[in-house]
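Try each task on the structure before reading on.

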Amino acid sequence: MMETSARLLRLLGLLQVPRDWTGPALAERLEVDVRTVRRDVDKLRTLGYPVHSTPGTTGGYRLGAGAALPPLLLEDDEAVAVAVGLRTAAGGTVAGIEETSVRALAKLEQVLPNRLRRRVTALGTATETLAGRGPTVDADDLSALAAACRDHELLRFDYVAADGTPTRRTAEPEGLVHTGRRWYLVAWDTGRDDRRTFRVDRMRLKLPAGPRFVPREPPEGGIAAFAQRGITSGVYPYRARVLLEAPAEQVGEWVTPASGTVTDLGDGRCELAVGAWTLDSLGMWLGSFGVDFHVLEPPELVEHLDVLAARFGRAAAASRGAGITPAERR
């Protein structure tokens with residue numbers, strides 16, 4: 001049997017898993033009887049840990065939120081994951097938490113065992129983060145949006161559309177989606193009676209949030225799939241479906257979730273759904289893949305590929321006619 005102090009730490013670690021534990025389940029894990037579990041829970045409470053209990057013949061326990069932040073017990077892989085996340089946040093897309101992330105990382109690394117510190121340090125010295133040029137979002141706004149999604153509270157906010165048009169919206173928030181470069185909110189727009197995807201950096205929240213609402217049925221495929229469909233095509237004036245003579249796995253290496261949706265056709269080919277601001281950029285991007293393709297829609301893109309082909313043909317002919325040597329081309 002473990003010593004009391006070791007058993008309390010083990011009990012605390014189990015309770016930090018987000019689930020309800022019955023007394024017998026904890027007793028089995030700790031190899032003690034249920035009465036000892038109750039005594040250990042009381043000891044944790046005297047140390048300031050808010051352990052909530054549920055009524056019943058067997059009893060149940062869950063670690064709740066308290067007035068002060070108690071120490072956390074992390075498994076090895078969890079500690080490394082937190083350290084990696086803090087390093088990423090220090091140079092990420094959320095404004096105002098870079099310095100806080102560095103301070104938290106310093107505290108964590110100070111108490112990491114040597115074996116874990118070496119893993120985190122190796123990762124930090126071997127990687128660099130490129131500073132993003134895009135807009136960032138405020139950490140407080142993300143927290144407020146997440147809370148509104150969790151509590152099903154109506155949101156009011158000013159929004160700037162992609163074309164620069166300012167609007168005022170009221171929406172039922174459903175979930176946040178992060179693509180690696182942008183944060184998006186999926187919500188039911190009550191004024192337009194439709195589900196929409198909003199870029200968080202274009203939102204100006206009116207807080208506090210409004211009254212609660214009854215959640216709707218989630219969109220087909222879930223929040224993330226709906227956001228991806230809206231991000232990759234919904235905001236663009238030109239939308240296309242293209243069949244590529246290449247496996248979906250290969251094309252997926254070229255296409256990010258924010259730039260297109262790849263569907264595996266199962267025969268070494270795939271379909272790409274994508275949007276673009278111009279037909280020029282769309283045609284050039286598809287050509288850069290270096291694989292054969294044909295356009296399913298729209299017809300305008302098919303005609304514009306002829307324009308691009310003629311343009312490149314004239315460029316090649318003009319270059320040969322100008323007497324440019326192979327060495328000069330290099």
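**Exercise 1.** Which residues of H3 are buried?

*Solution.* Bear in mind throughout that the model is predicted. Begin with the helix itself: H3 has 13 residues and reaches 19 Å from its first C-alpha to its last, close to the 18 Å expected at 1.5 Å a residue. Taking under 20% relative accessible area as the cut-off for buried, one finds Thr 36, Val 37, Asp 40, Val 41 and Leu 44. These residues cover an arc of only 140 degrees around the axis, and therefore lie on the same side of H3. As a check on the opposite face, the side of H3 turned away from the buried one carries the exposed residues Arg 35 and Thr 46. Finally, the cover over the buried residues of H3 includes H1, helix H2 (23-30), strand S2 (51-54) and strand S3 (60-63).

**Exercise 2.** Determine how H1 and H3 are oriented to each other, and list the residues that make their contact.

*Solution.* Helix H1 (residues 4-15) and helix H3 (residues 34-46) pack at an angle of about 85 degrees, their axes being 10 Å apart. Because angles of 65 to 115 degrees count as roughly perpendicular, H1 and H3 are therefore roughly perpendicular to each other. On the H1 side the contact is made by Thr 4, Arg 7, Leu 8, Leu 11, Leu 12 and Leu 15, and on the H3 side by Thr 36, Asp 40, Val 41, Lys 43 and Leu 44. Sorted by class, the contact of H1 with H3 has six nonpolar, two polar and three charged residues.

**Exercise 3.** Is Asp 40 buried or exposed, and with which residues is Asp 40 in contact, leaving aside its neighbours within four places in sequence?

*Solution.* First place the residue: Asp 40 lies in helix H3. Its relative accessibility is 0%, so Asp 40 counts as buried. With the neighbours within four places in sequence left aside, Asp 40 is in contact with Arg 7, Leu 8 and Leu 11.

Technical notes:
Residues are numbered from 1 along each chain as its sequence is written. This is a predicted model: local features need pLDDT of at least 70, side-chain atom pairs count only at pLDDT 80 or more; totals for chains, interfaces and linings use all residues. Side-chain values use heavy atoms; hydrogens and water are left out. Axes are lines fitted to C-alpha atoms, for helices over the stretch in contact, and angles run from 0 to 180 degrees between N-to-C directions. Helices (H or I, at least four residues) and strands (E, at least two) are DSSP runs, numbered from the N terminus. Angles under 35 degrees count as roughly parallel, over 145 as roughly antiparallel, 65 to 115 as roughly perpendicular and the rest as oblique. Contact means heavy atoms within 4.5 Å. Ala, Val, Leu, Ile, Met, Phe, Trp, Tyr, Cys and Pro count as nonpolar, Asp, Glu, Lys and Arg as charged, and the others, Gly among them, as polar. Buried means under 20% relative accessible area, exposed over 50%, partly exposed in between (1.4 Å probe, protein chains only). The expected span of a helix is 1.5 Å times one less than its number of residues. The arc is that of the directions from the helix axis to the C-beta atoms.
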